[in-house]
Amino acid sequence: MPTRNIQNNIRRLRFDADEMTQQQLADKVGVSRQTIVAIEKGNYSPSLELAFKIALVFHTPLQDVFSYEPVNVAAKKKRKS
Amino acid sequence: MSYREKENIINIFSGLIITAIYAWFVYQRHLEGRIDLVDDFQAWGKLFLVYAGISVVARIIIYIVFHIINAIVTHNTEATHNREIPPEDERDKLIKLKALRNSHYSFVGGFMLAIIALAVGLPSYSIFIVFVVSGVVSELIDNGSQIYYYRKGV
């Protein structure tokens, strides 16, 4: 599997938004709950459009939802953990 | 297990069962001498067309039965329908696309094998047998890839 270098704060943002459920978020952005689960786990990097939709739901800039780390930094972090 | 994974598992088993039953049926007719699979290429053409028709009808029936059983097991009502059977989204489309790519590669491999079989002097009908096998294998790879991508990420 490729090293994932896109991190996200969706779990924390959902918690801050009155414990919004994954299903509620999925309904708001028009995807399945499984897709939200995959994004949260880092198993799927969403399209730019879906990323913006998620940011819009939480009324926050895109960079507060997703962050990018170069591949070698992400790999080092993974090895340490 | 998600609905999509179940769907792919059903596809794998239905594909194998339909092909196995049809192949057994055709082979029995060949043994009885009712069709000639060695020299009659027209018979092969007809068999492929009939197989395509039977496969479509059998799959529709299997899908209907699967949906009914799935709805009973998951207590799926009209209100929860979208949660149990989610509409196809961008991740589903990407997974399907990657699985289709893998499937096409394997079918092309099968096609090359069939050509090689002809080139090394195997009987002409072997090309059709290799086609059937590579068709089944590529379908297995398609569904297997989808299950893999759903579980491991894409």
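## Helix H4 of chain B

In this predicted model, the buried residues of H4(B) are B:Arg91, B:Asp92, B:Ile95, B:Ala99, B:Asn102, B:Ser103, B:Ser106, B:Gly110, B:Ala114 and B:Ala117. Buried here means under 20% relative accessible area, with exposed over 50% and partly exposed in between (1.4 Å probe, protein chains only). Helices are DSSP runs (H or I, at least four residues), numbered from the N terminus. As a reminder, an α-helix has 3.6 residues a turn, so residues three or four places apart point the same way.

What do the buried residues of H4(B) pack against? Their partners are H3 of chain A together with H1 and H5 of chain B, where contact means heavy atoms within 4.5 Å.

## Length and ends of H4(B)

H4(B) has 30 residues and reaches 43 Å from its first C-alpha to its last, close to the expected 44 Å; the expected span is 1.5 Å times one less than the number of residues. At the start of H4(B), a side-chain oxygen of B:Asp89 comes to within 3.1 Å of the backbone nitrogen of B:Arg91. Just after the helix, B:Gly121 has a positive phi of about 95 degrees.

## A glycine in H5(B)

B:Gly135 sits in helix H5 of chain B. With 24% relative accessibility, B:Gly135 counts as partly exposed.

## The largest pocket

The largest pocket holds about 510 Å³ of space. A pocket is an open set of points on a 1 Å grid over the protein atoms alone, where a 1.4 Å probe fits, with protein on both sides within 12 Å along at least five of seven lines; lining residues have an atom within 4 Å of a point. Volume is the space filled by probe spheres set on the points, which are joined across faces, edges and corners.

The lining has 20 residues, and B:Ala23, B:Val26, B:Trp44, B:Ile129 and B:Val132 are the closest to the centre. H5(B) gives the largest share, seven residues. By class there are 16 nonpolar, three polar and one charged residues. Ala, Val, Leu, Ile, Met, Phe, Trp, Tyr, Cys and Pro count as nonpolar, Asp, Glu, Lys and Arg as charged, and the others, Gly among them, as polar.

## The second largest pocket

This pocket has a volume of about 290 Å³. Among its 18 lining residues, A:Gln34, B:Ser2, B:Glu5, B:Arg91 and B:Tyr150 lie nearest its centre. H3(A) gives the largest share of the lining, four residues.

## Reading the numbers

Residues are numbered from 1 along each chain as its sequence is written, and chains are lettered from A in the order in which they are written. Local features need pLDDT of at least 70 and side-chain atom pairs pLDDT 80 or more, while totals for chains, interfaces and linings use all residues; side-chain values use heavy atoms, without hydrogens and water.

Key:
Helices (H or I, at least four residues) and strands (E, at least two) are DSSP runs, numbered from the N terminus. A polar contact is a pair of N or O atoms within 3.5 Å; within protein, one must be able to donate a hydrogen and the other to accept it, and residues adjacent in sequence count only if both atoms are side-chain atoms.
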